[in-house]
Amino acid sequence: MPLQRRGPIEGTPAEAAVLTTVFAEQPIARTDIARRIGLSSAAVTRATQPLLDAGCLEYADAGAGDAAQDPTTSRMGRPRRPVRIAVDYTGTFGLKLTHEEVVGVLVDFGGRIRGVEQRPLAGTDVDAAIETVVEIIGALDRRARKLGFTHPADHVGLSVSGDVDHATGRVRYSPFLDWREVDLGARVSKATGKHVVVENDVKALATAEQWFGYARGLDDFALVTIGTGIGSALVVDGALIRGAHSVAGEIGHLPVGDPAVLCRCGGHGCVEAEASTETLIRRCREAAGDPDLTLAEAVERARSGDTAIEQVFVRAGHLIGLAIASLANIIGPAQVIVSGEGLTSYDFIESAIRAAFVEQTFGAAQQTQLHLQPLPLDEWARGAAAVAIEELAFPSRLAAGRRVFGGSHA
Ligand SMILES: [Zn+2]
């Protein structure tokens, strides 16, 4: 059951637009916000005041004296005085579930990680996983109380790979967890008394990138993750694309590989069947004739000149590059961020990705920038927390089916 929201964070569309802009560009003066969102300076000042009063925004020079106390300025303060997010307004919890473990973080209102909890999962049993999730939230909640946020932390974001119904908090199908039709959000909410949202893990990660990361403030970008699975999240005109069935962005199942290779989805030649970590390890073992070779050892051998193993990685990079080029040709993002656990150990895949990308992109899509960045595990959990912050700060916008960065500048 959703809890009563604290504080009038999102009162009007103008307030939401101001808050979004401050998140993306802080610290920022109200005159600059006005220019950015196309409202008058007076309208922005009116929209900013309730956010300052609620305590979710503050003056960036708060230590240097408060303009409200200064009799020479109006109650609204000077519009050139920069404002920023008040990081201690509240905390949110973000947890990422895999079939092996649950990683949870506590983040403040500015998106900084203020606590981390990690527990292994013995199996894919739903009850046991939920118990672990509840334990982690409990531990992070104790941490949040110690930190003393202005408002208690009561929003939780959970992220899971696979087909997730964001609106109902239900996991429809998660292949790695082997879950079907699990009411994850409702069950965790009942056990913790917190407001819980559930999101696909890659979409959650894209949300964190947009709020706090490399894609801060970008309206058109794609995030591609490489690892156990190959996934993507697409942001077009500021809105995260879910599609009619919530599975938009399944780049892993673009058939750019060998049609003879069967994918677990039932399709053939999927890039995920050809370039996932699991496939890479198997092929490296075959190439080396060593059934116990680890991925780290394979990377080491490729680096020291084992061309057979190197070719396994190059081929995977080539196919990933083709898939990303297809994505760029279709949706035309300004940036594609390529990330995932797959990047940390085999960075030399990058040149193969880039070469195939350039080869296959059409016309101006070649100008798409590819940004490759390794991804710490905490970042997945922070993605889930970003979804919770979005839910906390922009509930009505989300209820209307729009992401907060979408078309908010009118
Ligand atoms: Zn497939």
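**View 1. D178 sits in the loop that links strand 8 (170–174) to strand 9 (179–182).** This is a predicted model, so keep that in mind for each of the views. What is phi of D178 near? It is near 60 degrees, a positive value in a residue other than glycine. That's worth a second look, because most residues other than glycine have a negative phi.

**View 2. A cis peptide bond runs from Q26 to P27.** Omega for this bond is near -10 degrees. To find the spot, look in the loop between helix 1 (13–25) and helix 2 (30–37), where P27 is found. Why zoom in here? Because most peptide bonds are trans.

**View 3. Four protein residues hold out donor atoms to a zinc ion.** Now check the geometry: the 4 donor atoms subtend angles of 104 to 117 degrees around the zinc ion, so the arrangement is tetrahedral.

**View 4. Helix 2 crosses helix 3 (residues 41–54) at roughly 110 degrees.** Their axes come within 8 Å. The crossing is right-handed. On the helix 2 side you'll see R30, T31, I33, A34 and I37, and they meet S41, V44, T45 and T48 of helix 3. Sort the residues of this contact by type and you get 4 nonpolar, 4 polar and 1 charged.

**View 5. Helix 4 (residues 126–147) packs against helix 5 (residues 184–192) at an angle of about 50 degrees.** The two axes are 10 Å apart. That angle makes helix 4 oblique to helix 5. As for handedness, helix 4 and helix 5 make a right-handed crossing. Helix 4 brings V126, D127, I130, V133, V134 and I137 to the contact, and helix 5 brings L184, R187, V188, A191 and T192. How do these residues divide by type? There are 8 nonpolar, 1 polar and 2 charged.

**View 6. Helix 6 (residues 201–212) meets helix 13 (residues 377–393), with axes that cross at roughly 75 degrees.** The axes come within 7 Å. Helix 6 and helix 13 are therefore roughly perpendicular to each other. From helix 6, the contact takes in D201, V202, A204, L205, T207, A208, E209, W211 and F212. Its partners in helix 13 are E379, W380, R382, G383, A384, A386, V387, I389 and E390. In this contact, 11 residues are nonpolar, 2 are polar and 5 are charged.

Note on methods. Residues numbered from 1 in each chain as written. Predicted model: local features only at pLDDT ≥ 70, side-chain atom pairs only at ≥ 80, totals over all residues. Heavy atoms only, no water. Axes fitted to C-alpha atoms, helices over the stretch in contact; angles between N-to-C directions. Helix = DSSP H or I, 4+ residues; strand = E, 2+ residues; numbered from the N terminus. Parallel < 35°, antiparallel > 145°, perpendicular 65-115°, else oblique. Left-handed = near helix turned anticlockwise from the far one by under 90°. Contact = heavy atoms within 4.5 Å. Nonpolar A, V, L, I, M, F, W, Y, C, P; charged D, E, K, R; others polar. Donors = N, O, S within 2.8 Å, 3.2 Å for Na, K, Ca; no water. Tetrahedral: all angles 85-135°; square planar, octahedral: opposite > 155°, others 65-115°.
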